[in-house]
Amino acid sequence: MDCSEIEELLGAYVLRALPPDEERRVRDHLATCRAHTEMTDLRTAVLSLAVSAPAKEPPAALRERLLGAVRDEARQERAAPSARGLRRPIQHLRPLVALAAALGILAAGLLAWNVVLQVSDEGGGTVGLVRQFAGPMAAGSRVLWLSEEGLAVLEIQNLPPVSRDRVYQIWTIGADGRPVSAGLFTVTEDGSATITIRIDPAATRMIAISEEPEGGSDQPTNPPGLVAEL
Amino acid sequence: MIARLRQRDPEALTLVFDRLGRRAFGLAYQIVGHGAEAEDVVQETFLTLWRQADRLDPDRGHLTGFILTVAHRKALDAVRARRRREAHQTPLDPEMDALDAIDVEASAIAVLDGNIVRQALQQIPEDQRRVIEMAYFQGYTHHEIAAQLRLPIGTVKSRMRLGLSKLRDTLNERRRNGL
């Protein structure tokens, strides 16, 4: 969508009057385009609409139910801190935002991360499935997820060979969004490689690959070229 | 209060509920109509606040905007799901909890007095107000509104923008006049 199409849709967008696919496209556009400065004004007007509905006292039982539900969630969070990341789809997205911020290359990384967000949209990974890599360099690469052994086999294809002072680095990403190095590899002339890495099945949410200087980096210095959600 | 939410203090959430629950429930009730469904919307809204507490700035205006934005979305989801059931349509895939845009600036400057806003709404031309209400309070998409009112889709889109701009201008004027 170009900016003029977006401008026409802004009113409907802030009113939530767009069907899901149009809403998603506008949201994606707005994530990377700062030209639509009318947005704050429109949102201000829409927030005011919210209070034009008369306030209404909810039943007393609702407060108790809410407190009970929150206490349950708080208890679960204390019992299994990593599980908090797994239950709700929204939690799928937050580590990516944290990761993008941690990389400090938000502008360049956003396009790549939009791709990653779409991978997340397709639902949680389950044990035993093949996961396709997504991303600008994905082109047929995939992960075979052998969870019982705690292993993932990365079948890489069509990845451009890199110069001798560069290498591909594998990252595993857990619920906290921090990439942890899982190894380095290079590809053969035809752009392929098969790498087996050990993963903690409970903790690992994603596998990403980025190009790094020879010897690898402590933290990614480039946006991921391939990402697979587990 | 947001700090306490971040520290995972459940009581803090009930304090926010005490402050904003009536507004959230009033909005939900106006949209979904049924008391029980409105209660579910409100409960889910405050649970969402609990789960996303670390996205918020410690800013009172921000909290109100967050609660009302989420409540509105969940109320629309409920009314749209009901409509699909009644039309024997298959339900849409459960929409992921979207990352609601938290516009802190909008939250800070929005007029939050119901009486003032209701008066300002009356000053918007009727045809613009109608499409805004059909969208915001009844959850129709612009396509559905265009079909129901037998209008070109472009007309619906522009009435929405014009109506919201007029509302914004009217509220700005009220604020400048110290009301």
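Analyst: Let's start with one pair of side chains: B:Arg168 forms a salt bridge with B:Asp169, with 3.2 Å between the closest N and O atoms. The term covers a side-chain nitrogen of Lys or Arg within 4 Å of a carboxyl oxygen of Asp or Glu. Before going further, keep in mind that this is a predicted model: local features need pLDDT of at least 70, side-chain atom pairs count only at pLDDT 80 or more, and totals for chains, interfaces and linings use all residues. Residues are numbered from 1 along each chain as its sequence is written, chains are lettered from A and ligands numbered from 1 in the order in which they are written, and side-chain values use heavy atoms, with hydrogens and water left out.

User: How many salt bridges does the whole structure have?

Analyst: A search over all chains finds 19. Another one joins B:Arg159 and B:Asp127, whose closest N and O atoms are 3.5 Å apart. B:Arg159 is in helix H9 (residues 153-176) of chain B and B:Asp127 in helix H7 (residues 126-136) of that chain, so the pair ties together parts that are 32 residues apart in sequence. Helices here are DSSP runs (H or I, at least four residues), strands are E runs of at least two, and both are numbered from the N terminus. B:Asp127 is partly exposed, at 34% relative accessibility.

User: Which salt bridges cross between the chains?

Analyst: The rule finds nine across the interface of chain A and chain B. One of them pairs B:Arg22 with A:Glu57 at 3.0 Å, N to O. In another, the side chains of B:Arg51 and A:Glu73 meet at 2.4 Å, N to O. That pair runs from helix H3 (residues 35-51) of chain B to helix H4 of chain A, and both B:Arg51 and A:Glu73 are buried. There's a network as well, with salt bridges linking A:Glu7, A:Glu38 and B:Arg161.

User: How do I put a size on the interface?

Analyst: The size of an interface is often given as the accessible area lost when the parts come together.

User: Tell me about H3(A), then. How do I check a helix?

Analyst: Compare its end-to-end distance with the expected span, which is 1.5 Å times one less than its number of residues. For the 14 residues of H3(A) that gives 20 Å, and the end C-alpha atoms are 20 Å apart, which agrees. Of those 14 residues, 13 are buried, so H3(A) is largely enclosed by the rest of the structure. Take A:Ser48, which is found in this helix: it counts as buried, at 0% relative accessibility. Leaving out residues up to four places away in sequence, A:Ser48 touches B:Ala110, B:Val111, B:Val117 and B:Leu171.

User: What is the pattern of chain B along the sequence?

Analyst: It reads α-α-α-α-α-α-α-α-α, with nine helices and zero strands. Buried residues make up 51% of its 179 residues.

User: And which residues have a positive phi without being a glycine?

Analyst: A:Arg16 is one, with a phi of about 60 degrees; this residue is found in the loop between H1 and H2 of chain A and counts as buried at 13% relative accessibility. A:Asn158 also has a positive phi of about 60 degrees. A:Asn158 sits in the loop between strand S3 (151-156) and strand S4 (166-174) of chain A, and counts as partly exposed at 48% relative accessibility.

Note on methods. Buried < 20%, exposed > 50% of the residue type's maximum accessible area, 1.4 Å probe, protein only. Contact = heavy atoms within 4.5 Å.
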